[in-house]
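I opened this entry to record what I looked up in a single structure. The notes follow the order in which I went through the model.

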Amino acid sequence: MYMLTFLSCSLDDDGTQIDPPNFNVLGLWDLSEVIINPPQDLNEDGTSSENLFDELECLSGELLIDGDLQWSLEQTNLSVTTITGGQFNIQCNGMVSANGTWFSDENEVIFEDNPEFSALQIENGRLILNTNEDLPGFQRFVYVLRQ
């Protein structure tokens, strides 16, 4: 006589099966790109860039995603002022912090407890927040896993 045992990993909330989180997103992620449109020459080197990392030395950010389904974020707060003719003044204005709980599948990481930082797409080993806004908004924030 043979006995078969099947084991399945899932979270059970009120009898509803939920797939386990994608733990491949665990780690410390560094902000590597802040994409804007239209490109700006904030450092006045004669070259406009769509990536604020090319223009602002003060820009930084860290996103920690841990195995206890908790996340925390600390990054530079950016203030944007309209000048004229498609030109903007963008300055670092202190740091912002946020934290909460997270869940992830193969395509995105969902961040709870913060409506402004709600979901990041997983693309080619990067985490991407697409806002698709032109200045004074931001197009995209990109995070890469710290090695």
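**Basis and overall make-up.** I took a contact to mean heavy atoms within 4.5 Å. On that basis, residues 24 or more positions apart account for 47% of the contacts in the chain with a separation of 6 or more. I noted that this is a predicted model, in which local features need pLDDT of at least 70 and side-chain atom pairs count only at pLDDT 80 or more, while totals for chains, interfaces and linings use all residues. Residues are numbered from 1 along each chain as its sequence is written, and side-chain values use heavy atoms, with hydrogens and water left out.

I then looked up the secondary structure, taking helices (H or I, at least four residues) and strands (E, at least two) as DSSP runs numbered from the N terminus. The chain has zero helices and eleven strands. Of the 147 residues of the chain, 31% count as buried.

**Strand pairing.** I counted two strands as paired if DSSP finds at least two bridges between them. I began with strand S6 (70–82) and strand S7 (88–104). S6 and S7 pair in the antiparallel sense over twelve bridges, and the bridge partner of Ser79 in S7 is Gln91. These two strands form a hairpin with five residues between them, and Gly85 in the turn has a positive phi of about 60°. S7 also runs antiparallel to S8, with three bridges joining them. S7 and S8 form a hairpin with three residues between them, and Trp102 stands opposite Phe111 in S8.

I next followed S11 (residues 140–145), which is joined by six bridges to the antiparallel strand S3 (residues 27–40). Here Ile35 has Arg140 of S11 as its bridge partner. Strand S10 (residues 126–130) pairs with S11 in the antiparallel sense over five bridges, and Arg126 has Val144 of S11 as its bridge partner.

**Core.** I defined a nonpolar core as a set of buried Ala, Val, Leu, Ile, Met, Phe, Trp, Tyr and Cys residues joined through side-chain atoms within 4.5 Å. The largest one has 27 residues, of which Leu52, Leu63, Ile65, Phe111, Phe117 and Tyr143 touch the most other members. The elements that give two or more residues to this core are S3, S5, S6, S7, strand S8 (108–111), S10 and S11. In soluble globular proteins, nonpolar side chains tend to be buried together. I also looked up the neighbours of Tyr143: leaving aside those within four places in sequence, Tyr143 is in contact with residues including Trp29, Leu63, Leu73, Phe117 and Leu127.

**Phe53.** I found Phe53 in the loop between strand S4 (49–51) and strand S5 (61–65). Not counting residues up to four places away in sequence, Phe53 touches Leu31, Ser32, Glu33, Val34, Leu59 and Ser60. The C-alpha atoms of Phe53 and Ser32 are separated by 7.3 Å, and the two residues are 21 apart along the chain.

**Pocket.** I searched on a 1 Å grid over the protein atoms alone: a pocket is an open set of points where a 1.4 Å probe fits, with protein on both sides within 12 Å along at least five of seven lines, and lining residues have an atom within 4 Å of a point. Grid points are joined across faces, edges and corners, and a volume is the space filled by probe spheres set on the points. The largest pocket holds about 470 Å³ of space. Of its 20 lining residues, the closest to its centre are Gln75, Asn77, Val96, Glu116 and Phe141. S6 gives the largest share of the lining, five residues.

**Backbone details.** The peptide bond from Asn37 to Pro38 is cis, with omega near 5°, and Pro38 is found in strand S3. A cis peptide bond also joins Leu135 and Pro136, with omega about 20°; Pro136 is placed in the loop between S10 and S11. Asn132 is found in that loop too, and its phi is near 55°, a positive value in a residue other than glycine. At 57% relative accessibility, Asn132 counts as exposed. Asn124 likewise has a positive phi, of about 50°, and counts as exposed at 78% relative accessibility.

Notes: Buried means under 20% relative accessible area, exposed over 50%, partly exposed in between (1.4 Å probe, protein chains only).
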